[in-house]
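Subject: Structure for you to look at, with notes

Dear colleague,

I am handing over the structure that we spoke about, and my notes follow it. Please read them with the model open beside you.

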Amino acid sequence: MTRGGRSWRTVCAVLVLGALAAPLVASPARGARSPAADRKAPRILGPESQRIAVDYKGCGTLRALVVRRGKAREPIVVRVQSARGRARITPRVVRVRPGRAFRIPVGLNATSQALLRRDGVLQRKLHVVADPRRGPSASRILRVRFDVRRIAPRPGAALCCGVPPSARLRYRNIVPGVSEQGTAMFADPCFRAFGIRTARLVAPWNAIDTEAAWLDAWLGAAAGAGVEPLVAFNRARGSQCPHDPCELPDVAAYEAAVGRFLARYPWVHVITPWNEPNHHGEPTFRDAAAAAAYYGAVRRACPACTIVAGDVLDTGNMLRWLGAYQAALPEAPAVWGLHNYHDTTHQLADGLESFLHAVAGDVWLTETGGIVELRNGSGRVTHPYDEQRAANGVQHAFALARAHAARVRRVYIYNWQDDGPNGYFTSGLLDASGRARPAFFVFGDELAQLAAQRAPR
């Protein structure tokens, strides 16, 4: 990720010079003349095989190499390129001082990165050439194993994406949040360092009666971290929509449950009446008027609450469903919610822009980001595992928000950490083991940009 204002290209291109920590064993220089034939011929010293850990942008470092050339001290040009194979690195050219250990930044190209993400490891040969201004050159073939750099936030870590935990980021204009079902996020030092002040929870509409202990844990952890909760109600646990059982709750029963919820958690004042009501897996899929009735029930139960209307998914039925929903609403909402996964997955803007045209008021992207893997109801993979696609989705979500910042006021990324393997929807910034995915570092970059923005005048 970007640190200190320098682009990743600059970081990848930095040449680090240092002293040798231990003697290195020389290997014969391929293509170079023997010292007896020419004492000025360079030699490339160092290990014949290396292991390079690369970050999510494909940047790593080739280390512990030395060029020797008799007593000559003038700089020598060193080139590194792929020896062969379809998985290649971006060629690098650096100038080094003879006799000093040096490191060469290397960057994998798109093909290499795709193979590395797929297999977890990439073994290739690199061609290193030392080319002085005058005289013969030398070359070496190195065997290199590329691995994905494993970086995960740990308790007590000094830095999280360059943000000291004691100096939380502060945001203007667009408010970032996370939609997350687990509680570990609130104690994570990186979450705290990011200074995120709002988080979203999706709960069954009757959870106050069936899962009060879980609500106590999540909402208590949020309150302890100083995080404002946005609670989105959903179908009852055990509902099998679009298959049976798939029942719409009675409006009076729904309103009574919301009332009991608010009595137990009076500090909750931001509510979404129904999560993704236009999704075919929800009982409101064919009954937009019912979703509008639940909006009215929340307003009666909490006249002072901020109610997030809609909360729809940007699927093909979105505009048609919204038309019926708006016609049945008891008031004109001030805030609308959208889940624009189609936009972020395919790098589009159609979903958000058509939604902004269809509604009036502020828009919150209450669930957005990138998809690592997606399976349908039968378990078939529709979006294969791809961490880079997810990182691109997070980046695009914030780009869309900035492009429409006059109305898009909040962005909730889904989600912080996977809760386990084999889920039908995988999107965590961290995997189940706590390893940070590329999307985590993109998220940190985007938060830094938001914190640096000035408030509009």
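Strand S11 (residues 175-179) and strand S12 run parallel and are joined by two bridges, where strands are taken as paired if DSSP finds at least two bridges between them, and where helices (H or I, at least four residues) and strands (E, at least two) are DSSP runs numbered from the N terminus. Within this pairing, serine 179 stands opposite arginine 200 in S12. S12 is also joined to S13 by seven bridges, again in parallel, and alanine 199 has proline 229 in S13 as its bridge partner.

Before going further, please keep in mind that this is a predicted model, in which local features need pLDDT of at least 70 and side-chain atom pairs count only at pLDDT 80 or more, whereas totals for chains, interfaces and linings use all residues. Residues are numbered from 1 along each chain as its sequence is written, and side-chain values use heavy atoms, with hydrogens and water left out.

To stay with S12 (residues 198-204), seven of its seven residues are buried, so the strand is largely enclosed by the rest of the structure; buried here means under 20% relative accessible area, exposed means over 50%, and partly exposed lies in between (1.4 Å probe, protein chains only). Both faces of S12 are covered, with Thr198, Arg200, Val202 and Pro204 buried on one side and Ala199, Leu201 and Ala203 buried on the other.

Elsewhere, five strands form an open sheet of mixed pairing, in the order S3-S10-S9-S5-S7. Its edge strands, each pairing on one side only, are S3 (49-54) and S7 (92-96). From one strand to the next the twist averages 30°, with axes being lines fitted to C-alpha atoms (for helices over the stretch in contact) and angles running from 0 to 180 degrees between N-to-C directions. Inside the sheet, S9 (residues 121-131) and S10 (residues 138-148) run antiparallel and are joined by ten bridges, and arginine 124 has valine 144 in S10 as its bridge partner.

In H8 (residues 318-328), Met318, Trp321, Leu322 and Tyr325 are buried. Seen down the axis of H8, these buried residues fall within an arc of 100°, so they line one face of the helix, the arc being that of the directions from the helix axis to the C-beta atoms. Arg320 and Ala327 are exposed on the other side of H8. In H10 (residues 350-358), the buried residues are Gly351, Leu352, Phe355 and Leu356. Around the axis they cover an arc of only 125°, which puts them on the same side of H10. The face of H10 turned away from this buried side carries the exposed residues Asp350 and His357.

Next come the charged side chains. The structure holds 16 salt bridges, each defined as a side-chain nitrogen of Lys or Arg within 4 Å of a carboxyl oxygen of Asp or Glu. One of them is between arginine 237 and glutamate 211 (2.7 Å, N to O). Arginine 237 lies in the loop between S13 (228-234) and H6 (251-264), and glutamate 211 in the loop between H4 (207-210) and H5 (212-224), so the pair ties together parts that are 26 residues apart in sequence. At 59% relative accessibility arginine 237 counts as exposed, whereas glutamate 211, at 17%, counts as buried.

Another salt bridge pairs glutamate 387 with arginine 435, their closest N and O atoms being 2.4 Å apart. This pair links distant parts of the chain, with glutamate 387 in H11 (residues 387-403) and arginine 435 in the loop between S21 (425-426) and H12 (438-452), 48 residues apart. Both glutamate 387 and arginine 435 are buried. Arginine 435 also forms a salt bridge with aspartate 431, at 3.1 Å between the closest N and O atoms, and Glu387, Asp418, Asp431, Arg435 and Arg437 are linked in a network of salt bridges.

Finally, the charged end of arginine 237 sits over the ring of tryptophan 214, 5.7 Å from its centre, on the rule that NZ of Lys or CZ of Arg is within 6 Å of the ring centre and within 35 degrees of the ring normal. Arginine 410 likewise lies over the face of tryptophan 364, at 4.1 Å from the ring centre.

With best wishes
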